[in-house]
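Here is a short briefing on nonpolar packing and aromatic pairs. Keep the structure open while reading.

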Amino acid sequence: MNTKINAYNVYQDGTKLIGISDEVTLPDFDALTETLSGPGILGEIDDPLLGHFGAADMDIPFRTMDDQAFKLLAAGNAVDLTFRISTQAIEETDLSTDFMPSRIVIRGKSKGFSGGSLKQGQGTGSSVKVEILYFLYEINGNKRFELDKLNFVYKVNGVDLLEKVRSQC
């Protein structure tokens, strides 16, 4: 049974980032929907369009704005970040502690930043906002969620849910 994140590191283009703050909030993915109503339907139904999601962004927090943060902001450069996570677990049979690796990969474009605030003896709470074009969540080597907006790929638990659609278009 997985219980908590034991540790994580963030890598930008393969280089470990130092200075990321303690907490990173992962993006929400909201499916595009169309509201259906009419004869034979009681009220309305929001019908999701499979694989199509609204714009999603993610704030990458920094303790202070530094060279690594401004590299993410460079106009025209793609943002390529990997989060490597060690999840702590309790083995149900003997109650021992074990660890499971996870990985999150995001690719996209910088779309702004928050400068944070200035207070002597503290970090600024600055962050860079990234528009997510590619997102992968992998647990113990198994791809659980993959969304590649520009290459029309949407996979859940390794199943390509848009394979048939791509073959028809």
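Leaving aside neighbours within four places in sequence, which residues is isoleucine 60 in contact with? They are Ile20, Leu72, Leu81, Phe83, Ile106, Ser126, Ser127, Val128 and Val130, where contact means heavy atoms within 4.5 Å.

This is a predicted model, where local features need pLDDT of at least 70, side-chain atom pairs count only at pLDDT 80 or more, and totals for chains, interfaces and linings use all residues. Residues are numbered from 1 along each chain as its sequence is written, and side-chain values use heavy atoms, with hydrogens and water left out.

**Core**
- The largest nonpolar core has 27 residues.
- A nonpolar core joins buried Ala, Val, Leu, Ile, Met, Phe, Trp, Tyr and Cys residues through side-chain atoms within 4.5 Å.
- Buried means under 20% relative accessible area, exposed over 50%, and partly exposed in between (1.4 Å probe, protein chains only).
- Ile60, Leu81, Phe83, Ile106 and Val128 have the most contacts inside this core.
- Elements giving two or more residues to the core include strand S5 (57-62) and helix H1 (67-73).
- Helices (H or I, at least four residues) and strands (E, at least two) are DSSP runs, numbered from the N terminus.

**Aromatic pairs**
- The whole structure holds eight aromatic pairs.
- Rings of Phe, Tyr and Trp (its six-membered ring) pair if their centres lie within 6.5 Å; planes under 30 degrees apart count as stacked, over 60 as edge-to-face and the rest as tilted.
- Phenylalanine 70 and phenylalanine 113 have ring centres 6.3 Å apart and planes at 70°, so this pair is edge-to-face.
- Phenylalanine 70 is partly exposed at 44% relative accessibility.
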